[in-house]
Amino acid sequence: YMMYGVKDQLSVFQPSIFYYNEPPPDVVITDFKIFNTYFPVDSLQRLTQIKLEPDQNSVSFYFSALSFKQADKLTYYYMLNGHDENWIKADRNLSVNYALLPPGHYTFLVKCENREGIFSASTTSFKMYVSPPFWRTGWFISTMLMLVAMIAYSMHRLRLNRLLAVEKIRNRVARDLHDDMGSTLSTINILSSMAKAKMNSD
């Protein structure tokens with residue numbers, strides 16, 4: 001406090017009342033680019049989430065707080081959920097590029113901070129989804145797994161049929177050998193009996 005007296009008055013000066021603590025305005029995404037093609041931001045932000053094709057996985061964001069009063073007094077921070085682990089301080093260009101993003105869900109977040117350390121009231125977000133190529137989709141993987149299972153089952157059935165055929169041949173050969181051996185032994189027995197009977201007479 002500063003106090004000083006004048007004629008019939010006492011003036012008090014309080015510097016704290018001049019402390020500027022109003023938060024900065026929310027950040028606005030001004031442009032959105034896929035590779036080298038700009039897309040209308042207003043129409044995209046009306047969507048809950050934008051869907052990108054597998055070959056549209058390189059994007060750029062441009063942003064600003066749109067405040068002429070605090071233009072040079074703001075620090076911007078951004079983060080892409082699903083890609084970045086922490087907030088990143090933006091450079092003076094107020095833009096960021098993400099190249100060759102893998103398939104998945106992403107949310108781009110951006111906010112600003114004034115010199116007093118006060119952040120914008122809200123964090124601006126932009127949701128998008130990069131589609132996987134067809135060979136990484138669930139239906140394609142399921143089809144391939146089913147096809148592999150069918151091939152494995154067919155090979156198992158073929159092997160089983162071959163084993164059954166071999167076993168069938170073995171049984172037939174064993175049966176034929178048994179019949180031949182039985183017939184031979186019967187013949188030997190008969191001839192032995194005849195020879196034995198003739199031993200005394202011849």
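**Ground rules.** I'm working with a predicted model, where local features need pLDDT of at least 70, side-chain atom pairs count only at pLDDT 80 or more, and totals for chains, interfaces and linings use all residues. Residues are numbered from 1 along each chain as its sequence is written, and side-chain values use heavy atoms, with hydrogens and water left out.

**The sheet.** I found an open, mixed sheet of five strands, ordered β5-β11-β10-β7-β8. Strands are DSSP runs of E, at least two residues, and helices are runs of H or I, at least four, numbered from the N terminus. Two strands pair if DSSP finds at least two bridges between them. β5 (50-52) and β8 (88-89) each have a single partner strand, so one side of each lacks a neighbour in the sheet. I then checked β5 and β11 (residues 124-130): they run parallel, joined by three bridges.

**Met-128.** Ile-50 sits opposite Met-128 in β11. Leaving out residues up to four places away in sequence, Met-128 touches Ile-50, Val-59, Phe-61 and Leu-80, among others (contact means heavy atoms within 4.5 Å).

**The core.** Met-128 is also among the residues touching the most other members of the largest nonpolar core, which has 27 residues. Such a core is a set of buried Ala, Val, Leu, Ile, Met, Phe, Trp, Tyr and Cys residues joined through side-chain atoms within 4.5 Å. β10 gives the largest share, four residues.

**Leu-185.** I looked this one up in helix α2 (residues 138-198). Is Leu-185 buried or exposed? Leu-185 counts as exposed because its relative accessibility is 54%; buried is under 20%, exposed over 50%, partly exposed in between (1.4 Å probe, protein chains only).
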